[in-house]
Amino acid sequence: MQPAPVSRLEHGSRQGRLLRDTFDARLFRQTSGQAIDQLEAHLSDFSLRGVELTEPAVLTEAARSLMTTETDGIAEFDEKKLAAIIDLYIRTGIQVHSPGYMGRQFSGVVPLAGVIDFVSSVVNQPSSFYEAGQLPNVAERIMADELNRFIGWDPGTFAMLTTSGGSLANLTALLAARNRKLPAYWSQGGSALAGGARPAIAVGADVHYSMARAAGVMGIGEDQLVRLPSNDRHQIDVDMVRPTLEAAERRNLKVFCLVASAGTTSVGAFDPLDELAAIAREKDIWLHVDGAHGASLLVSEKLRGKLRGIDQADSLTWDAHKMMFVPAPCTLLFYRRREDSLGAFRQKKASYVFDEEPDIYTELDSGDKNFECTKRPMIMTLWTLWAVYGRALFAEKIEHLCQLASDAHDMLLTEPDFTPVHRPEANILCFRYRPEGVGEQELHRLQVAIRNRIKRGGRFFISKVNVDGVAALRVVMMNHEITAGHFRMLLGEIRRTGQELLAGSDGDDGQE
Ligand SMILES: Cc1ncc(COP(=O)(O)O)c(C=O)c1O
């Protein structure tokens, strides 16, 4: 009889030792210590930095050069390689902790949130099921209660779950809305509606693109998205809602959900929720509020009035990875009625996860309510910050950022070659550089080209957005280290860049 082959991972073998070493607690301490040293240096650097854009081929080459050439066995750990990987990771990112970063809605996170996220990665407790993530599930319940105090729903009957991003939360809420308003749809699909009617969703003209995407996923065609016109403050124009919905009815569209934005992505405008809620009630339409950006204003006594009427909504998307300063993703999806949280996904046949005999533990499971099966315990970052520092950390920072945007707006009014596009409602400010002599035709391309050149310059990171069809420069104040002086420097850089572009000097062609 042949002897059984000896496993390469046999105790005492080189491969066995290397495998055990990768899990070694002392190596873990050494490597995490090294990462922390690098991150400390990164966090201590307050210089003006946007993003250092690297050509993908160059970065691919740099990344490949860090890969082991060992193809057969486990490679020996190489400390220098790890340091180089971390360095490359830090260097090639948008520098979210720098005051030069003013361009997107994700933030430089509170570092403590990173510490908890790091713990989450090591203990690995996916949180869709209580048995796999006990503390995350309890923390979800606690945060639901804490934040619902600002929404104002009945504490005994509302529900909250976490999802991987605002886009997924919006899709989930739309599914719940459709299944409540068109109950036969889940089993019968399109034939559930009588008389050839088609399901439709009413959205603001400025709604986030995830809504159209969610509609596409749900089989709701582009022309079943009923666009509600905006007023001059970039909000849904309430006076136009009834006539637009009635026109949709005449097209045999059955609008089951009206989506309002609490903080539009483009300019941070807040739709009038109380008035929209009254219309939705009158027409028996679900009101979903996309507060991915602006729901966080609820924790501020000073600012929560922007969401007046939120207590009358049916569901709310709230991204904590935007204005609650935790790592992405961390999204909360709130439902006014708990039973609706079970309505999004009605399918129950998965014997390997859905328990046949519910008990006090499975009661906290969210696997039947969220799309994900395996889900990051994302609440842990938010809950830890809330537990350690309390509400005021968020309220103070949000109020400061909104004030910063308002001050920046006022500064623009004193600069004749700059024109604000709106008065900021939150921490987003859009404006144009328009010195005398720049015509309508040129205006759009000039903003796009300025934005691109500023980005490539690497000192500031700003974004651009089309407002009423014309590009505008967009800043999102996410960093409390930004001062009026930094914003003035940005304006100087925009002016210099704009002048160079108008003079026709080499550079960008305005393509994004
Ligand atoms: C208003 C609004 N809704 C939804 C989203 C999508 O959220 P996420 O990026 O978390 O998927 C965003 C993102 O910017 C947003 O601003």
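This report describes salt bridges, a charged surface patch and some backbone features of the structure shown above. The structure is a predicted model.

**Salt bridges**

The model contains 32 salt bridges. The table lists three of them, with the distance from nitrogen to oxygen.

| Lysine 306 | Glutamate 425 | 3.3 Å |

In the pair at 3.3 Å, the side chain of lysine 306 meets that of glutamate 425. Lysine 306 is found in the loop between β5 (286–290) and β6 (315–319), and glutamate 425 in the loop between β8 (418–420) and β9 (428–433), so this contact ties together parts that are 119 residues apart in sequence. Lysine 306 is partly exposed, at 28% relative accessibility. Glutamate 425 has a relative accessible area of 18% and is therefore buried, since buried stands for a value under 20%.

Arginine 337 belongs to the loop between β7 and α13, whereas aspartate 314 belongs to the loop between β5 and β6, so the pair links parts that are 23 residues apart in sequence. Both partners are buried: arginine 337 has a relative accessible area of 19%, and aspartate 314 is at 8% relative accessibility. The two residues also take part in a network of salt bridges that links Arg180, Asp314, Arg336, Arg337 and Asp340.

Aspartate 417 is buried at 13% relative accessibility, while arginine 495 is partly exposed, with a relative accessible area of 26%.

Aspartate 359 counts as partly exposed because its relative accessibility is 36%, a value that lies between the 20% limit for buried and the 50% limit for exposed residues.

**Backbone features**

Most residues other than glycine have a negative phi, and most peptide bonds are trans. The following residues depart from these patterns.

Asparagine 124 is not a glycine, yet its phi is positive, at about 50°. This asparagine 124 sits in the loop between α5 (111–123) and α6 (134–151), and it is exposed, at 56% relative accessibility.

Aspartate 468 also has a positive phi, near 50°, and is likewise a residue other than glycine. The loop that holds aspartate 468 runs between β10 (463–467) and β11 (470–476). Aspartate 468 is exposed, with a relative accessible area of 72%.

The peptide bond that leads from alanine 328 to proline 329 is cis, and its omega is near -10°. Proline 329 is placed in the loop between α12 (320–323) and β7 (331–335).

Conventions
Residues numbered from 1 in each chain as written. Predicted model: local features only at pLDDT ≥ 70, side-chain atom pairs only at ≥ 80, totals over all residues. Heavy atoms only, no water. Buried < 20%, exposed > 50% of the residue type's maximum accessible area, 1.4 Å probe, protein only. Helix = DSSP H or I, 4+ residues; strand = E, 2+ residues; numbered from the N terminus. Salt bridge = Lys/Arg side-chain N within 4 Å of Asp/Glu carboxyl O.
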